[in-house]
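Let us walk through this structure step by step. Start with the whole chain, then move to its parts.

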Amino acid sequence: MKSSLLERLASPCCAGPLRLDIKMQRGSEIEEGALVCAVCSRAYPITAGIPRLRENREILSRTQESFSWEWTRYPGSRPEDRAVFLEESQLSARDFQGKLVLDAGCGMGRYSLVVRAWGAEVVALDLSESLDRLMQAARSDPHLHVVQGDLLRPPFKKDSFDMVYSHGVLHHTPDTRQAFRALAPLVKPGGLLSVWLYGKAGRFKDFATNPLRPGRGGIGRHRRLAWLIVAIRQLISDSLRFFTTRLPLAVTYALCYPLAALGAVPGLKYLTFSVETDFKVRLIEDFDWLSPPFQFHHTKEELSAWFVEAGYDILKVLPHGLVPKPGILGRRKQT
Ligand SMILES: C[S@@+](CC[C@H](N)C(=O)[O-])C[C@H]1O[C@@H](n2cnc3c(N)ncnc32)[C@H](O)[C@@H]1O
Ligand SMILES: [Zn+2]
């Protein structure tokens, strides 16, 4: 942890200021120490360079273990990360230059590294142990910060960031809406917030107005059928997940091997949860779908309402394919 980060941090217990106790420092990086809440004196450790600003809540333990398993096995950054992030964030590379950005639920940090390369100062937050991977990059980068914390009690002062993005994360917390409400005030007035969530069929009248990617006109002409397919797919997935979220992680992971093999078979691959070309990536993505205990699904109407309720103007809504992917870019209103 770099001492410059302290001015952005707040305690997860009381949202109060924190006092920094340094035990071991190497260059500008504080490797061991503690952050102490000035309100209630609760101490949070800094170990292996990472401030651990979270309570050990039982409800989060499988989530933490599952994503730690997943991201420590993920192959690493890939060339397509940039294009994927640009599409999902609905922003351009130059929007990031000189900005202070929070990657809320960064995983192994593939998008933190992309945004950092575009000239942003990045604070990467996650619950899992995958942060150790990103910490290796942060040690030689004065503008990359790594924080372990819980998005339902994010350890940051309000109005701290020019931009916050959270892609594929909030639906994995025990309460998506509460996580959104905790995140939205961290953006400065006038700043940007980009969020995407897993989608669901929902009401047909909402599904029928979902924005589609260019080239997906076929879905547009058969909306009823598409809606039915999405609803059935969700039913099958929920039934499978009833078991796979309760199995030991190693067993669920082992079950993903045949699924990942099926993911390469033309036609049949759409029965799986990943059609990526790389076997290892498919394996991790199937596990990512089947193992985490919380996986909620939302509509663009729900997400839009949360943006408006939190004082944001909606700038863009993410177009997608057959399976809805509610994604919104919003700007926080000036107060
Ligand atoms: C599907 S991964 C997405 C990671 C990253 N955004 C990406 O696209 O590469 C979801 C991430 O959310 C994190 N997460 C889940 N619940 C969280 C919580 N309550 N607080 C912080 N992070 C959480 C997980 O540890 C995991 O790394
Ligand atoms: Zn406190």
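**The chain as a whole**

Of the 335 residues of the chain, 42% count as buried. Here a residue is buried if 20 or more other C-beta atoms, placed from the backbone, lie within 10 Å of its own, exposed if 12 or fewer, and partly exposed in between. This is a predicted model: local features need pLDDT of at least 70, side-chain atom pairs count only at pLDDT 80 or more, and totals for chains, interfaces and linings use all residues. Residues are numbered from 1 along each chain as its sequence is written, while chains are lettered from A and ligands numbered from 1 in the order in which they are written.

The chain holds eleven helices and eleven strands. These are DSSP runs (H or I, at least four residues, for helices; E, at least two, for strands), numbered from the N terminus. The C-alpha trace spans about 60 × 50 × 35 Å along its principal axes.

Contacts tell us about the fold. Two residues are in contact if their C-beta atoms, placed from the backbone, lie within 7 Å. Among contacts between residues at least 6 apart in sequence, 62% join residues at least 24 apart.

**Domains**

The chain divides into domain 1 (1-53), domain 2 (56-198 + 300-332) and domain 3 (206-290). These bounds come from an automatic or database domain assignment. The centres of domain 2 and domain 3, taken over C-alpha atoms, are 22 Å apart. Where they meet, 16 residues of domain 2 contact 18 residues of domain 3. On the domain 2 side, α1 (61-73) and α11 (300-309) each give two or more residues. α1 gives the most, with five residues.

**Around the ligand**

Now look at ligand 1. It is surrounded by 21 residues (C-beta atom, placed from the backbone, within 6 Å). The closest are F67, G105, G107, L127 and L151. α1 and α3 (110-117) each give two or more residues to this shell. α1 gives the most here, with three residues.

**One helix**

Finally, take α10 (residues 279-290). Which elements do the buried residues of α10 pack against? They pack against α1, α8 (223-244) and α9 (249-262). Among these buried residues are L283, I284 and F287.
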